[in-house]
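User: Please take me through this model by question and answer. Keep it brisk.

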Amino acid sequence: MPLLFGTAVFNEEQHLTIGGCDTVLLAEKYGTPLFVYDVAHIRERARGFKRTLDSLGVKNKVIYASKAFCCLAMYQLLVEEGLGCDVVSAGEIYTALKSGMPPENIEFHGNNKTEAELVYAVEQGVGTIIIDNFYEIDLLSKILAEKNQTQRVMFRISPGINAETHDYILTGQEDSKFGFDVNSGQATEALERILANERLILQGVHCHIGSQIFSAEGFLAAVEKMLLILNEWKEHYDYTAECLNMGGGFGVQYTESDDPLAPDVFVKAIVHAVKGQCELLNYPFPEIWIEPGRSIVAEAGTTLYTVGSQKTIPGVRHYVAVDGGMGDNIRPALYGAQYDGFLANRKSDEPKELVTIVGKYCESGDVLIKDISQPPLQAGDLFAVTSTGAYGYSMANNYNRNLKPAVVFVENGQDRLAIRRETYEDLTSLDM
Ligand code: LLP
């Protein structure tokens with residue numbers, strides 16, 4: 001049985017429907033490849049995080065990590081749901097502001113924010129800048145002095161935690177390009193330098209231990225480490241953090257074998273750990289901020305492809321090619337990420353066979369799903385790959401000058417275009 005998320009179900013014609021919309025009709029209307037987002041599922045995830053934190057009686061902020069997927073329609077949804085957003089470039093700030101996101105609900109991350117980006121953030125009134133390194137303390141201080149302005153900031157701590165995930169998306173370990181390291185004393189030096197500058201209004205500290213994490217242990221270890229250092233700073237510098245930002249990274253399900261904790265279980269575990277440590281150390285309970293990205297949008301997204309050519313190498317492999325691939329989903333090629341997929345436009349009782357779903361890009365690594373059991377697929381069939389809502393469109397590219405797909409939002413039987421498909425004119429629009 002295919003893994004179905006949110007409102008996805010098959011109708012009597014055995015067509016996949018999402019948000020009450022028939023995907024066969026969506027594919028006809030908008031073409032393929034097509035990203036379909038189940039808006040009700042996004043709303044439920046967004047509300048769920050907020051509900052859990054509120055129910056635990058803690059002051060909190062849920063800040064969506066834009067890098068997972070953003071566009072005007074996505075930011076508008078966040079505004080409707082009362083979430084803030086984390087951005088990592090002026091481009092994301094620009095898009096968020098254009099959507100009507102209040103600047104004070106934006107927090108700006110990044111290990112190498114440029115001077116122009118910092119100036120833009122300060123001028124636009126971005127709520128919090130999360131300082132990542134010493135260079136940035138100096139650069140931001142210089143900008144604020146020139147403008148005679150103050151800025152709310154946090155700083156990112158690399159707590160030295162090795163969470164279990166792919167190396168490329170692991171970020172909380174000592175050997176990381178992100179944040180101030182605790183063990184070498186850099187985090188303490190950062191605190192001293194930030195406290196010494198009256199233009200930097202320190203709201204608290206941040207850590208993010210990695211992404212696609214399935215269990216609470218890494219978060220619990222990070223909470224312990226963060227509170228130990230905060231408590232040290234309380235004693236030595238009389239500094240008490242108003243907010244503790246624990247980042248994102250809550251895992252999602254891509255295939256049957258993925259078994260992450262439910263979002264509310266992660267959140268409860270973090271809050272209980274903070275409460276426990278605060279009681280133990282007699283530390284004032286801070287406001288808790290979280291930055292979920294993937295866990296809000298991944299399972300809400302489905303990519304629809306049209307089946308094209310096939311190649312069978314007897315005794316070796318049966319390739320089935322679809323009309324997208326590594327341009328709209330680089331994750332299998334980049335991380336060895338695994339996905340589930342299935343026939344979305346008709347019922348088939350024929351016996352299943354093992355196939356490998358590949359894309360149309362000129363690269364042997366352009367494999368979307370290796371060895372998946374499917375009924376015989378035919379040219380023209382609609383093939384759905386599920387859980388593609390995070391880091392799919394946002395990491396899309398124009399390799400081979402293929403067009404980036406359209407993105408459609410579906411809810412209560414209504415579909416609306418969130419991002420139109422690129423055109424050939426778009427492709428050459430920057431060429432001189
Ligand atoms: N906060 C910070 C500071 C982060 O660096 C990230 C992700 C998040 C929040 C959101 O993490 P999430 O809840 O989405 O796991 N391209 C990779 C993922 C890179 C994540 C980078 N940082 C992938 O496709 O798996």
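Predicted model: local features only at pLDDT ≥ 70, side-chain atom pairs only at ≥ 80, totals over all residues.

User: Which residues come nearest to the ligand?

Analyst: A residue counts as near if one of its heavy atoms lies within 4 Å of the molecule. There are 20 residues around the ligand. The nearest of them are S211, E291, R294, R331 and Y391.

User: How do the residues of the shell around the ligand divide by class?

Analyst: Ala, Val, Leu, Ile, Met, Phe, Trp, Tyr, Cys and Pro count as nonpolar, Asp, Glu, Lys and Arg as charged, and the others, Gly among them, as polar. On that scheme the shell has 6 nonpolar, 8 polar and 6 charged residues.

User: How much of the ligand's accessible area does the protein cover?

Analyst: Start with polar contacts (pairs of N or O atoms within 3.5 Å). A side-chain N or O atom of R331 is 2.6 Å from a ligand oxygen. For the side chain of Y391 the distance to a ligand oxygen is 2.6 Å, and a backbone N or O atom of G293 lies 2.9 Å from one. By the Shrake-Rupley method with a 1.4 Å probe, the ligand on its own has 590 Å² of accessible area, and the protein covers 92%.

User: What volume does the largest cavity have?

Analyst: A cavity is a set of points on a 1 Å grid over the protein atoms alone where a 1.4 Å probe fits but cannot get out; lining residues have an atom within 4 Å of a point. The structure holds 1 cavity of 30 Å³ or more. Its lining includes L4, F5, D38 and E299, and by class has 6 nonpolar, 2 polar and 2 charged residues. Volume is the space filled by probe spheres set on the points, joined across faces, edges and corners, and here it is about 60 Å³.

User: Which residue is the bridge partner of T17 in β3?

Analyst: Strands are DSSP runs of E of at least two residues, numbered from the N terminus, and two strands pair if DSSP finds at least two bridges between them. An open sheet of 3 strands has the order β1-β2-β3, with antiparallel pairing. Its edge strands are β1 (9-10) and β3 (21-22). Strand β2 (residues 16-18) meets β3 over 2 bridges, and the partner of T17 is D22.

User: Which residue of β18 is the bridge partner of V358?

Analyst: Strand β17 (residues 353-358) runs parallel to β15 (residues 317-322), joined by 3 bridges. There, Y319 is partnered by T356. β17 also pairs with β18 (residues 367-374), antiparallel, over 5 bridges. The partner of V358 is V367.

User: Where does P33 lie?

Analyst: The peptide bond from T32 to P33 is cis, with omega near -10°. Helices are DSSP runs of H or I of at least four residues. P33 lies in the loop between α1 (23-30) and β4 (34-38).

User: What is phi of S387 near?

Analyst: S387 sits in the loop between β19 (382-386) and β20 (406-411). Its phi is positive, in a residue other than glycine, near 60°.

Notes:
Residues numbered from 1 in each chain as written. Heavy atoms only, no water. 1 Å grid on protein atoms, 1.4 Å probe; cavity = no way out; pocket = protein on both sides within 12 Å on 5 of 7 lines; lining within 4 Å. Polar contact = N/O pair within 3.5 Å; in protein donor to acceptor, adjacent residues only side chain to side chain.
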